[in-house]
Amino acid sequence: MQFTARDYKGDMQTVTVKGKLVHQVSDADATVSLMQIRFNKFVVVYGLQVSHVMDYRLAAIEYGRCIMHSLACASKIEA
């Protein structure tokens, strides 16, 4: 699956991650995606940031962090 986002310079960039898209949240300019690579192995994609392969527990923590950061950046929560 390909993800497109703006880099720190404002230029559009594309990242490709192989796996099954499990869940995706989009808000303003940010998209947070959870991909399952194989049994109990996941990758979190936040904009152009791609995490390393993680187990369920670590992926859940990282996915939550990315969603909370996205909400804070969109001024939907105060953090």
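A contact here means heavy atoms within 4.5 Å. With that cut-off, 26% of the contacts in this protein between residues at least 6 apart in sequence join residues at least 24 apart. This is a predicted model, so local features need pLDDT of at least 70 and side-chain atom pairs count only at pLDDT 80 or more, while totals for chains, interfaces and linings use all residues. Residues are numbered from 1 along each chain as its sequence is written, and side-chain values use heavy atoms, with hydrogens and water left out.

View 1. Going from the N terminus, the order of elements is β-β-β-β-β-β-α. Helices (H or I, at least four residues) and strands (E, at least two) are DSSP runs, numbered from the N terminus. The C-alpha trace spans about 35 × 30 × 15 Å along its principal axes. For 79 residues, a compact globule would have a radius of gyration near 12 Å, and the protein agrees with its 12 Å. That radius is taken over C-alpha atoms, and the globule rule is 2.2 Å times the number of residues to the power 0.38. Buried residues account for 30% of the 79. For burial, the cut-offs on relative accessible area are under 20% for buried, over 50% for exposed, and partly exposed in between (1.4 Å probe, protein chains only).

**View 2. The largest pocket, with a volume of about 150 Å³.** Its lining comes from Ala-5, Arg-6, Asp-29, Ala-30, Thr-31, Tyr-46, Gly-47 and Leu-48. By type, the lining residues divide into four nonpolar, two polar and two charged. Here Ala, Val, Leu, Ile, Met, Phe, Trp, Tyr, Cys and Pro count as nonpolar, Asp, Glu, Lys and Arg as charged, and the others, Gly among them, as polar. How do you find such a space? Rolling a probe the size of a water molecule over the atoms shows where empty space is left. On a 1 Å grid over the protein atoms alone, a cavity is a set of points where a 1.4 Å probe fits but cannot get out, whereas a pocket is an open set with protein on both sides within 12 Å along at least five of seven lines; lining residues have an atom within 4 Å of a point. Grid points are joined across faces, edges and corners, and the volume is the space filled by probe spheres set on the points.

**View 3. Phe-42 and Tyr-56, an edge-to-face pair.** Searching the whole structure turns up one aromatic pair. Its rings sit 6.3 Å centre to centre, with 70° between the planes. It links distant parts of the chain, as Phe-42 belongs to strand β5 (residues 41–46) and Tyr-56 to helix α1 (residues 56–73), 14 residues apart. Phe-42 is buried at 9% relative accessible area, whereas Tyr-56 is exposed at 58%. Rings of Phe, Tyr and Trp (its six-membered ring) pair if their centres lie within 6.5 Å; planes under 30 degrees apart are stacked, over 60 edge-to-face, and the rest tilted.

**View 4. Ser-33, a buried residue of 0% relative accessible area.** This serine lies in strand β4. Leaving out residues up to four places away in sequence, Ser-33 touches Phe-3, Leu-21, His-23, Gln-24, Val-43, Val-44, Val-45 and Tyr-63. The C-alpha atoms of Ser-33 and His-23 are 5.8 Å apart, with the two residues 10 apart along the chain.

**View 5. Glu-62 in helix α1.** Is this glutamate buried or exposed? Glu-62 counts as buried, because its relative accessibility is 16%. Apart from residues up to four places away in sequence, Glu-62 touches Val-44, Gln-49 and Met-54. Asp-29 is 33 residues from Glu-62 in sequence and 19 Å from it in space, C-alpha to C-alpha.

**View 6. Asn-40 and Ser-75, two residues with positive phi.** Asn-40 has phi near 60°, a positive value in a residue other than glycine. Its place is the loop between β4 and β5, and at 30% relative accessibility Asn-40 counts as partly exposed. Ser-75 is not a glycine either, yet its phi is about 60°. Ser-75 sits in the segment after α1 and is exposed, with a relative accessible area of 64%.
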